[in-house]
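This report describes one protein model in plain terms. Look at the sequence and the structure first, then read on.

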Amino acid sequence: MPPRKPTGLIVGLCLGAVAVLALGVVAIVSLNRGPGPSNAGYQAAPPSPSSAYQLPPTSGSSAPSSAPASPSESPSTSATAGPHKILKLADHPILQDPNAGLQNRVCDLPPWASTQDGAEAFFTAASKCLDAAWGPFLESYNLPFTPPALHFPTGPSFDTECGTIQVGIATAAYYCENNLYVPFKGLQTDQYGNNPGVYLALFAHEYGHHVQEVAGIMDAAWQKIYAAGQNSPEGLDMSRRKELQAQCFSGMFLGAHVDRGGTITRDMYNKAWNDQETRGDNTSRSHDHGTNAHYAQWWRAGAKDNRIADCNTFAASASDVS
């Protein structure tokens, strides 16, 4: 269980996020019995994502509090107006505008190379594109955006504020409160091969947890999980909602950047689109990420229209986040 913040707030982390890449790895192991991932039934291109978008007003839709508020407190009661997290879920300000989305931007990434140096170069460049996409969006709501620190562990384990993490098929990537870890040995490139769209979508999912952290959604979700118990039906439901929202955020990023003149190509987008069906609780036999169908459904909801209101998993019916 993640440690609590010294101030009493729940650590804004995502222990479940580590499973995101692991779910896909489990699926790939299964695929070894049949065709490899490079020819695993990719379908025709889905509809092109909308090029229209609208950033929120510069003042944001709610004045943040002078200190992180509890989900029941109104941020507008604060006496100061500096950037602060807003601890809300379904009614979080970033999820209210039906026309708000990420700017359509050019993202240039180096060619994928299945080496330590190649992966570091690819994900470092991807992180810059993600910063440029999410930073202005979050700052427009007066949220305290800072990029996550990137780490590329090379040993059999690595230390984080959430504990010592062993590298393996279950730790292809790991997010822990403002730090994003990508151990190359956990990526299982021998199974995924040269599929940069798949790697990018997975990385963008992990970054989606950082968006939740900066916004205050992560802290609010963990408050609910701790209160209910991580393995209780209510706790698992909340875990699925935050994981599926990160899926939707990942889809938004690829949808906003495909076919914009950069190196995020339609082929990368298509392969990421279809790869989502291989991930989820049906594959991992867990109950904290959502079924494979819902894993794909929420990623595609973000990718298709690039509207953050479509990523409000906390307002969705239980049947859509099972």
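## Terms and basis

A residue is called buried when its relative accessible area is under 20%, exposed when that area is over 50%, and partly exposed in between, using a 1.4 Å probe and protein chains only. S250 has a relative accessibility of 0%, so S250 counts as buried.

The model is predicted: local features need pLDDT of at least 70, side-chain atom pairs count only at pLDDT 80 or more, and totals for chains, interfaces and linings use all residues. Residues are numbered from 1 along each chain as its sequence is written, and side-chain values use heavy atoms, with hydrogens and water left out.

## The protein as a whole

The protein contains 9 helices and 5 strands. Helices (H or I, at least four residues) and strands (E, at least two) are DSSP runs, numbered from the N terminus. Read from the N terminus, the order of elements is α-α-β-β-β-β-β-α-α-α-α-α-α-α.

Of the 322 residues, 57% count as buried. A contact means heavy atoms within 4.5 Å. Among contacts in the protein with a separation of 6 or more, 73% are between residues 24 or more positions apart.

## Helix 4 and helix 5

Two packed helices are described by the angle between their axes and the distance between the axes. Helix 4 (residues 196-215) packs against helix 5 (residues 217-228) at an angle of about 85 degrees, and their axes are 4 Å apart. Therefore helix 4 is roughly perpendicular to helix 5. Axes are lines fitted to C-alpha atoms, for helices over the stretch in contact, and angles run from 0 to 180 degrees between N-to-C directions. Angles under 35 degrees count as roughly parallel, over 145 as roughly antiparallel, 65 to 115 as roughly perpendicular and the rest as oblique.

Which residues in helix 4 meet helix 5? They are H209, Q212, E213 and A215, which meet I217, M218 and D219 in helix 5. The residues of this contact divide into 3 nonpolar, 2 polar and 2 charged. Here Ala, Val, Leu, Ile, Met, Phe, Trp, Tyr, Cys and Pro count as nonpolar, Asp, Glu, Lys and Arg as charged, and the others, Gly among them, as polar.

## Aromatic pairs

The whole structure holds 16 aromatic pairs. One of them is W273 with W299, an edge-to-face pair with 6.3 Å centre to centre and 85 degrees between the planes. W273 lies in helix 7 (residues 266-275) and W299 in helix 9 (residues 292-305), 26 residues apart. Rings of Phe, Tyr and Trp (its six-membered ring) pair if their centres lie within 6.5 Å; planes under 30 degrees apart count as stacked, over 60 as edge-to-face and the rest as tilted.

W273 is buried, at 12% relative accessibility, and W299 is buried at 0%. Ring pairs also link W112, F122, F123, Y192, Y199 and F203 into a cluster.

S250 is found in helix 6 (residues 233-257). Leaving aside neighbours within four places in sequence, S250 is in contact with A201, A204, H205 and W299.
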